[in-house]
Amino acid sequence: MSDPRANDRGLSRRALLAGATGLGAWVLLPDGSSTAGQPIGSRLLAAAAPNPSASMHLAATDGWVCMPDDAPKIPPFWPDAMAPDGANLYVFGFRDVTGFTDAQVTAQRGKAQISAPLLAFDQETDIKITLTNLGLSIRPDLTDGHTVHWHGFRNAIPLFDGVPELSISVPIGRSFTYFYRPHDPGTYMYHCHFEDVEHVQMGMTGVVFVRPAQNKGTATVQPGKYVYNDGDGSTRYDREFAFMMTEIWAEAHYRDAHIQTTDWTDYKPTFYALNGRSYPDTLEPAGDPMSDAAGRLRYQPISSLVTANTGEKVLLRVANLGYQYHALTADGIDLTVVGKDAALLRSRDGSAEFLVTNTVVIGPGESRDIIFTAPDPGTYLLYSRDLASTTNGGGARRGGQMTEIRVSAPGTLPAQTKPNA
Ligand SMILES: [Cu+2]
């Protein structure tokens, strides 16, 4: 395996030029102009100098996770008898291996997680994401590549868009560094785009969002937490929680593990998930994929429990990378949709077009930014309206895309330091 840090350093001007020139004679610059007729890269990189930077390292591989054990069995598909103790479903996925040594990265082969790591960046940050393809431990015969596709993101350079037909995919044992400079705040999602119907279903999906420059404060807005550059503070919030909504078709996962093919037109999900977990697992605290003591949700590390103090503004960043529509509802709580598909809901004359509702419909590949004011102390359900998506495999107990909003008296919880916590 190549050294991902070397690869990171290797995103030199020359490498960038080689990549860009290989794909066409000009590129569109972030300011809307193009480099036609100019030496490619000179303006692009000169402009990068003053921006803050962020870099991270993701690994792509396969692994095993644990869906709720009391769901009706579907022999031989689920639970999968080949699964190691404490697991029951085969998946593909990403892991955050930022700062790991080569040996540590390689050791994560066969230890994928769902959903993918939650990514958050500030607007106008120069971002490098190195992807290492560790291969599939259970299917060494499958020589699939993997990519990172930042869905809905306007990429200046197709090379970094992660659509293998239009740029490249990362072969097994190799690393590639993607570069982004986000100009548009909002909630996005990312996924592998290689054999995407299969790899997305297998678990290679995660939420990525961009915080607005307005958070630093402007002439009209105090420094704080905002969803967008609204100019008037109307998207301010106190706490944020991101949800990746997906469906899991256990039969297809079994067939991938057991060297069989799937007819995707037979699609019939078994589990419905928030951040890779089905209720009541959604309520459990965050897991740690590196900890042997983390228990059965070790490789489904993202909690979906919403907590707040009465009166606080709570932001829900919801993305859907399933293949079906979902409708999220919270009984007795007004939900204000302030953003859709990483765009502030605002009319041409600048007036707000926020939608106040108690049910938010989200299509596949779409995202919503939803703010509500935490009501009186108590526990409130947040769930998908469709009955099938609030069971586990059609079982009698409540399950699927359901979680709780637990509200405490004012001043009880300290300020939130990271999303979904
Ligand atoms: Cu993939």
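Buried here means under 20% relative accessible area, exposed means over 50%, and partly exposed lies in between (1.4 Å probe, protein chains only). A few points follow for your look through the structure.

1. **What you are looking at.** This is a predicted model, in which local features need pLDDT of at least 70 and side-chain atom pairs count only at pLDDT 80 or more, while totals for chains, interfaces and linings use all residues. Residues are numbered from 1 along each chain as its sequence is written, and side-chain values use heavy atoms, with hydrogens and water left out.

2. **Positive phi values.** A342 is not a glycine, yet its phi is positive, near 60°. You will find A342 in the loop between β14 (335-340) and β15 (343-344); strands (E, at least two residues) and helices (H or I, at least four) are DSSP runs, numbered from the N terminus. With 12% relative accessibility, A342 counts as buried. E124, also not a glycine, has a positive phi of about 65°. E124 sits in the loop between β3 and β4 (126-133), and at 25% relative accessibility it counts as partly exposed.

3. **Cis peptide bonds.** P75 and P76 are joined by a cis peptide bond with omega about -5°. P76 belongs to the loop between β1 (53-65) and β2 (89-96). Another cis bond links I114 to S115, with omega about -20°; S115 is in the loop between α4 (102-106) and β3 (119-122).

4. **The largest nonpolar core.** A nonpolar core is a set of buried Ala, Val, Leu, Ile, Met, Phe, Trp, Tyr and Cys residues joined through side-chain atoms within 4.5 Å. The largest one has 38 residues, and F94 and W150 touch the most other members. Two or more residues each come from β1, β2, β3, β4, β6 (175-180), β7 (186-191) and β8 (205-211). Apart from this core lies another, of 23 residues, including F241, V314, L316 and I362. In soluble globular proteins, nonpolar side chains tend to be buried together.

5. **Around W150.** Beyond its neighbours within four places in sequence, W150 is in contact (heavy atoms within 4.5 Å) with residues including F121, I127, D161, Y180 and V210.

6. **A buried charge worth a look.** E251 lies in helix α6 (residues 250-257). E251 is buried but has no salt bridge, and K268, the nearest side chain of opposite charge, is 5.7 Å away. A salt bridge needs a side-chain nitrogen of Lys or Arg within 4 Å of a carboxyl oxygen of Asp or Glu; Lys and Arg count as positive and Asp and Glu as negative, with His and the chain ends not counted. Leaving aside neighbours within four places in sequence, E251 is in contact with I74, F77, K268 and T270.
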